[in-house]
Amino acid sequence: MNDTKAYKTVEAHLECMERVEVTDNTTAHQALAHATAAVTTINQGLRHPRKYDFIRSRGPVEDIMDRLQGWVTRLLDKLDEIVAKLAKGSTFSLSFGSTIAITINFPPVA
């Protein structure tokens with residue numbers, strides 16, 4: 001995937017995620033699928049950042065930090081809605097390391 005396509009793919013998944021009106025378990029799953037796809041594309045770009053021109057326009061560090069901040073804010077905003085409507089979802093976390101990961105926690109089964 002080239003740089004422009006990677007950026008556009010992340011944006012497309014986040015836009016689709018944001019358009020989903022999360023009202024129940026089914027729509028929560030739809031929004032989560034788009035969130036997961038966006039995170040997967042972000043992770044592909046982070047593994048080989050020098051390949052992507054879209055993170056070099058102002059310098060690799062500044063640009064990737066700005067893009068990640070925006071993307072993460074969008075993910076967090078929607079994850080609040082998703083977990084609230086996801087059957088028995090209680091909390092979530094967004095983890096960063098060499099990649100980004102989404103975890104949704106559920107209460108113990110009685």
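These legends describe close-up views of a predicted model.

**Figure 1. Overall fold of the predicted model, with three helices and two strands.**
Along the sequence the order of elements is α-α-α-β-β. The protein has 110 residues, and 36% of them count as buried. Among contacts with a separation of 6 or more, 52% join residues 24 or more positions apart. The exposed surface comes to about 6,600 Å². Carbon and sulfur atoms supply 54% of that surface.

**Figure 2. The largest nonpolar core, made of 24 residues.**
Leu14, Leu75 and Ile82 touch the most other members of this core. Helix 1, helix 2 (25-47), helix 3 and strand 2 (100-105) each give two or more residues. Helix 3 provides the largest share, with eight residues.

**Figure 3. Contacts of leucine 75.**
Which residues does leucine 75 touch, not counting those up to four places away in sequence? The set is Leu14, Met17, Ala35, Val39 and Leu94. Leu14 is also named with Leu75 among the residues that touch the most other core members.

**Figure 4. The aromatic pair of tyrosine 7 and tryptophan 71.**
The structure holds one aromatic pair. Its ring centres, in tyrosine 7 and tryptophan 71, are 6.3 Å apart. The ring planes meet at 35 degrees, so the pair is tilted. The angle falls between two cut-offs: planes under 30 degrees apart would count as stacked, and planes over 60 as edge-to-face. The pair links distant parts of the chain, with tyrosine 7 in helix 1 (residues 3-19) and tryptophan 71 in helix 3 (residues 60-85). The two residues are 64 residues apart. Are these residues buried or partly exposed? Tryptophan 71 is buried, with a relative accessible area of 4%. Tyrosine 7 is partly exposed, at 27%.

**Figure 5. The salt bridge between glutamate 11 and arginine 74.**
A search of the whole structure finds three salt bridges. In the one between glutamate 11 and arginine 74, the closest N and O atoms are 2.8 Å apart. Glutamate 11 sits in helix 1 and arginine 74 in helix 3, 63 residues apart, so the pair links distant parts of the chain. Glutamate 11 is buried, with a relative accessible area of 15%. Arginine 74 also counts as buried, at 18% relative accessibility. Both values are under the 20% cut-off for a buried residue.

**Figure 6. The salt bridge between arginine 74 and glutamate 18.**
The side chains of arginine 74 and glutamate 18 meet at 2.8 Å, N to O. Arginine 74 lies in helix 3 and glutamate 18 in helix 1, so the pair ties together parts that are 56 residues apart in sequence. Glutamate 18 is partly exposed, with a relative accessible area of 38%.

**Figure 7. Lysine 78 and its salt bridge with glutamate 81.**
Lysine 78 lies in helix 3. Is lysine 78 buried or exposed? At 5% relative accessibility, lysine 78 counts as buried. What does lysine 78 touch, leaving out residues up to four places away in sequence? Its contacts are Met17, Glu18, Val20, Val22 and Ala31. The side chain of lysine 78 also meets that of glutamate 81 in a salt bridge, at 3.3 Å from N to O. Both residues lie in helix 3, three residues apart, about one turn of the helix. Glutamate 81 counts as partly exposed, at 35% relative accessibility.

**Figure 8. The network of Glu11, Glu18 and Arg74.**
Which residues do salt bridges with shared partners join into one network? They are Glu11, Glu18 and Arg74. Arg74 forms a salt bridge with Glu11, and Arg74 also meets Glu18 in a salt bridge.

**Figure 9. Alanine 33 and cysteine 16.**
Alanine 33 is found in helix 2. At 45% relative accessibility, alanine 33 counts as partly exposed. How far apart are alanine 33 and cysteine 16 in space, C-alpha to C-alpha? The distance is 9.8 Å. In sequence, alanine 33 and cysteine 16 are 17 residues apart.

Note on methods:
Residues are numbered from 1 along each chain as its sequence is written. This is a predicted model: local features need pLDDT of at least 70, side-chain atom pairs count only at pLDDT 80 or more; totals for chains, interfaces and linings use all residues. Side-chain values use heavy atoms; hydrogens and water are left out. Rings of Phe, Tyr and Trp (its six-membered ring) pair if their centres lie within 6.5 Å; planes under 30 degrees apart count as stacked, over 60 as edge-to-face and the rest as tilted. Helices (H or I, at least four residues) and strands (E, at least two) are DSSP runs, numbered from the N terminus. Buried means under 20% relative accessible area, exposed over 50%, partly exposed in between (1.4 Å probe, protein chains only). A nonpolar core is a set of buried Ala, Val, Leu, Ile, Met, Phe, Trp, Tyr and Cys residues joined through side-chain atoms within 4.5 Å. Contact means heavy atoms within 4.5 Å. Accessible areas come from the Shrake-Rupley method with a 1.4 Å probe; for residues, only the protein chains shown count as cover. A salt bridge is a side-chain nitrogen of Lys or Arg within 4 Å of a carboxyl oxygen of Asp or Glu.
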